[in-house]
Amino acid sequence: MERERIIEHLALLGRIFESIAAGHPWPGYEIGISKDEYEDIDRLIEEAERLNGWFTRQQVIFALASWAELLKEELLKSWSSHYPFAEESKRVGLIMAGNIPMVGMHDLISVLLSGHHLILRPSSDDHVLIRMVVALLTTLDEAYHDIIQWADGKLKGHEAIIATGSDNTSRYFEYYFSQVPHIIRKNRNGIAILNGQETEAELKALGQDIFQYFGLGCRNVSKIYVPEGYDLDTFFGGIYPHHSIIEHNKYANNYDYYRSVFLLNEDNILDNGFLLLKRHEALASPMASLHYERYSDEDALRKSLSAQSDQIQCIVSRKDVPFGKAQSPALDDYADGVDTMQFLAEL
């Protein structure tokens, strides 16, 4: 299948996502699927939440809306035009994570737009939505039956691998897939650097970077750096509009658990009723908590952070990723800083 045709299908997929996210009724045949197929997406969103309590309808809709913004014909053409289309297709195995809805989507479309075939092994936590995506593509063109295959147990027949997992699983991946070209992703975190001049709107947006997907994404902010003398009540006030997150049962359970752990350990924490703030050097923080550190020299801070770049997915600040945009990466904002399309181009 030619790249132009794949782009056409992905753009149609984006229009479907946009319509579903907006709550529109079936918009007609121009989106390429029937009324029954369109309405079936709503059932699949409910099924995804039943199987994974973190995948609330609100979170899934956010993911669909985010992808709708990226799956625009002009964006897809501009992005993919920088890379060659494979003259000979290779079989690329994708081992997907399941921490946030459709987290493996970027890898999926990257392989398609590179002209290769896929062997998919979705996470058990996110297989419903990924299978929905593939089903929609196959509805648009039956040729995807041959282009996309599903792994039955262990991956077989792969000529390259893109695997996303934890630091622990990455060691297994590195060993098991050492004989083929591969991208192996590990744990990473988002961080934020405040200068003390942030507006109320910026702090509210930072709250989205912290709480979107309940903080489970590798781009979610798990630690903030604040200037010496910064009043943390200002931060708490800015993120207060997100307080309803505590109404989610699984999040509330984590909040209660870690609050108890911190108190038992006699840790010095700040608690606003829905987020635990703890002074700590680690970049990664437990669910429902956030680490913080104070700094006196931003240049020195950034220099020290560069030594930890392999643990940082993104930096949110007035100078880096804008507040509120941590979970809205561009198509060429590659996970772990590894150019997936270039990797695929060199197979």
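Here are some questions and answers about the predicted model above.

Residues are numbered from 1 along each chain as its sequence is written, and side-chain values use heavy atoms, leaving out hydrogens and water. Because the model is predicted, local features need pLDDT of at least 70 and side-chain atom pairs count only at pLDDT 80 or more, while totals for chains, interfaces and linings use all residues.

Q: How compact is the chain for its 347 residues?
A: The chain has 13 helices and 11 strands, which are DSSP runs (helices H or I, at least four residues; strands E, at least two) numbered from the N terminus. The globule rule (2.2 Å times the number of residues to the power 0.38) is set against a radius of gyration taken over C-alpha atoms. The rule gives 20 Å and the chain has 21 Å, so it is as compact as a globular protein of that length.

Q: What share of the 347 residues is buried?
A: Buried means under 20% relative accessible area, exposed means over 50%, and partly exposed is in between (1.4 Å probe, protein chains only). By that cut-off, buried residues make up 50% of the chain.

Q: On which side or sides of α4 do its buried residues Leu76, Trp79 and Ser80 sit?
A: Helix α4 runs over residues 73–80, and these three are its buried residues. An α-helix has 3.6 residues a turn, so residues three or four places apart point the same way.

Q: Which residue forms a salt bridge with glutamate 18?
A: A salt bridge is a side-chain nitrogen of Lys or Arg within 4 Å of a carboxyl oxygen of Asp or Glu. Glutamate 18 is in helix α1, and its partner is 54 residues away in the loop between α3 and α4. With the closest N and O atoms 3.8 Å apart, that partner is lysine 72.

Q: How far apart are the closest N and O atoms of arginine 57 and aspartate 42?
A: Arginine 57 is in helix α3 and aspartate 42 in helix α2 (residues 35–51). Arginine 57 is partly exposed at 33%, and aspartate 42 is partly exposed at 29%. The closest N and O atoms in their salt bridge are apart by 2.3 Å.
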